[in-house]
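Hello,

Here is the structure we talked about. Please open it and follow along with the notes below.

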Amino acid sequence: MEEISYSIEHYNTIPKEYEDILYHKISDNAFHVKGLSPIHPFSIFIKDNKNDLFGGVSGAILYGSLYIDSLWVDKTLRLQGWGTKLMHEAERTGKERGASFVTLNTMDWEALSFYEKQGYSIEFTREGYVKDSKMFMLRKTL
């Protein structure tokens with residue numbers, strides 16, 4: 001019988017097919033252990049008529065919550081309401097898929113005041129990052 005060997009491989013970006021496997025396997029385990037629904041990743045983008053990307057929001061709906069992983073708006077569209085539109089679309093997606101609250105993280109030099117204006121509150125602050133930076137874990141009820 002042939003011996004199976006295993007190795008650890010590093011990637012700078014997650015190949016889409018591997019990311020799908022991770023979500024699927026984690027979801028399978030959550031279903032078997034607790035009867036939970038699968039994780040549903042989502043992404044919403046701002047594009048121009050040439051199909052160029054100018055912003056987006058991504059994350060996942062998991063276990064009754066909406067998790068926002070990334071939000072970005074190109075500097076040419078900032079302060080025009082696009083970030084708010086993306087957040088509203090993400091929250092609507094979460095509600096449609098049964099989420100009752102939203103969580104996200106932001107650093108002290110990023111967009112804390114933006115999220116607070118959207119109704120998010122600080123649930124936890126994590127310190128210890130380089131250059132005395134702080135990460136805020138935020139939450140909002142849908």
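A residue is buried under 20% relative accessible area, exposed over 50%, and partly exposed in between (1.4 Å probe, protein chains only). This is a predicted model, where local features need pLDDT of at least 70, side-chain atom pairs count only at pLDDT 80 or more, and totals for chains, interfaces and linings use all residues. Residues are numbered from 1 along each chain as its sequence is written, and side-chain values use heavy atoms, without hydrogens or water.

Start with the sheet. Six strands form an open sheet in the order E1-E2-E3-E4-E6-E5, with mixed pairing. Strands E1 (40–47) and E5 (121–127) are at the edges with a single partner strand each, so one side of each has no neighbour in the sheet. Strands here are DSSP runs of E, at least two residues; helices are runs of H or I, at least four; both are numbered from the N terminus. Two strands pair if DSSP finds at least two bridges between them. E1 and E2 (residues 53–62) pair antiparallel over eight bridges.

Now the salt bridges (a side-chain nitrogen of Lys or Arg within 4 Å of a carboxyl oxygen of Asp or Glu). The structure has five. One joins Lys16 and Asp20 at 2.8 Å, N to O. These two are four residues apart in helix H1 (residues 16–34), about one helical turn. Asp20 is partly exposed, at 35% relative accessibility.

Another links Arg139 and Glu123 at 3.4 Å, N to O. Arg139 is in strand E6 and Glu123 in strand E5, so the pair ties together parts 16 residues apart in sequence.

Best wishes
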